Amino acid sequence: FQVRPRNPCRLDVLPASAAMASPAVSPDSSSHEALSSVNSAPACSPTSDSENLSPDELELLAKLEEQNRLLEADSKSMRSMNGSRRNSGSSLVSSSSASSNLSHLEEDTWILWGRIVNEWDEWRKKKEKLLKELIRKGIPHHFRAIVWQLLCSATDMPVKNQYSELLKMSSPCEKLIRRDIARTYPEHEFFKGQDSLGQEVLFNVMKAYSLVDREVGYCQGSAFIVGLLLMQMPEEEAFCVFVRLMQEYRLRELFKPSMAELGLCIYQFEYMLQEQLPELNIHFRSQSFLTSMYASSWFLTLFLTTFPLPVATRIFDIFMYEGLEIVFRVGMALLQFNQAELVQLDMEGMSQYFQKVIPHQFDSCPDKLILKAFQVKYNPKKMKRLEKEYATIKNKEMEEQIEIKRLRTENRLLKQRIETLEKESAALADKVIQVASKIAIFLFST
């Protein structure tokens, strides 16, 4: 099967023999990297061709048509909520990518992923190893919206029914969200401009989540994750996927005000660095180049603020299936690739290197980074042990802080008692002096 956009909000499924692909949007069509154009053959009506489709192909057609319906409904609802909203796009499409063409996707890839979507439960239970390998090679971007929702079990979530009501409510985080919206993918066409559709739907999803989870509320880094989801799917679906990611993928703990989970991730990563790259670890320490200075954003934004979107989205595919482990793997792979250069630099030089050199090393070959990442030694049992170790350290620190607080309170009370006693002593001394004076006067007068 190939997919040809009939309008920015709809995907038409055609037999491969009838059309060449000319896609809807993916991160690959972002401002970071333009896709090459291809010629399109005359399209046939999907209805007229359906008689020649197999049952599996018809089922795939139905699933993609359902996604079309959701996209169209999303677009209509957005236009009805705000008449001034421009009607040329949906949360799936950016203005630059609407006019872009997809490079040709091979027929067997479409058939394979169509089968995966159709037989999802069977693949997750009986073909898990093969599914993992396919995801590591990258999910075809027309399937990402469906596959991401399936991977995190975000379809038919009850919270989806609350979304429209949440948008009518006010959130204490609204000013913060508005302030940061323009900083999220500022170069991406979908999010450019204060009144852009991208900024509006991003605000909606972030506001809705801040109301669902008031403890976390809003955290700036999370907007990059939501922004990526909105490049793939309508805002209601993006909201459901984000809720699931926060609940099941450790992200909620990362974004809590205390950010305790981030401290754990940094602690675990530092152990891996010390064990696998001891020379680089010593150099970082000698330059006071803290792990949190370069790795915090890796965990908080899943490399979405580090790499161009085509590379970051490949990592996100894997994250959706394997969780935060991929962040540790990619982070270590980056340090392994660049160790020789980094040990020659001082603190300022390393900061510049992380900001300017590393982000574009894999623009043309993300597979090289992924391959290197899965050569990194990662021991889940050891990571669990480190988690317990970190918890013990934090509990001890907390106990020490409680003890210090108790001692400070006692010290404060003792000072107050001493001050009271000094005042009482001074008052008593005054009385003694007064009595002594009276006695002296009496003795002198007699």
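Start with the cluster in which ring pairs join Phe269, Phe284, Phe289, Tyr294, Trp298, Phe299, Phe303, Phe307, Phe328, Phe354 and Tyr378. Rings of Phe, Tyr and Trp (its six-membered ring) count as a pair if their centres lie within 6.5 Å; planes under 30 degrees apart are called stacked, over 60 edge-to-face, and the rest tilted. Keep in mind that this is a predicted model: local features need pLDDT of at least 70, side-chain atom pairs count only at pLDDT 80 or more, and totals for chains, interfaces and linings use all residues. Residues are numbered from 1 along each chain as its sequence is written, and side-chain values use heavy atoms, with hydrogens and water left out.

Across the whole structure, a search turns up 25 aromatic pairs. Take Trp110 and Phe143: their ring centres are 4.9 Å apart and their planes stand at 55°, so this pair is tilted. Trp110 sits in helix 4 (residues 107-118) and Phe143 in helix 7 (residues 141-151), so the pair ties together parts 33 residues apart in sequence. Helices here are DSSP runs (H or I, at least four residues), numbered from the N terminus. Trp110 is buried at 1% relative accessibility, and Phe143 is buried at 1% as well; buried means under 20% relative accessible area, exposed over 50%, and partly exposed in between (1.4 Å probe, protein chains only).

Now back to the cluster. Tyr294 and Phe354 have ring centres 4.8 Å apart and planes at 25°, so they are stacked. This pair also links distant parts of the chain, with Tyr294 in helix 16 (residues 291-301) and Phe354 in helix 19 (residues 347-356), 60 residues apart. Tyr294 is buried, at 4% relative accessible area, and so is Phe354, at 11%.

Arg136 lies over the face of Phe374, 3.6 Å from the ring centre, and the charged end of Arg178 sits over the ring of Phe203, 3.6 Å from its centre. The criterion is NZ of Lys or CZ of Arg within 6 Å of the ring centre and within 35 degrees of the ring normal.

What about disulfides? The whole-structure search finds 0, a disulfide being a pair of cysteine sulfur atoms within 2.5 Å. As for individual cysteines, Cys265 is buried at 0% relative accessibility, while Cys365 is partly exposed at 25%.

Technical notes. Helices (H or I, at least four residues) and strands (E, at least two) are DSSP runs, numbered from the N terminus.
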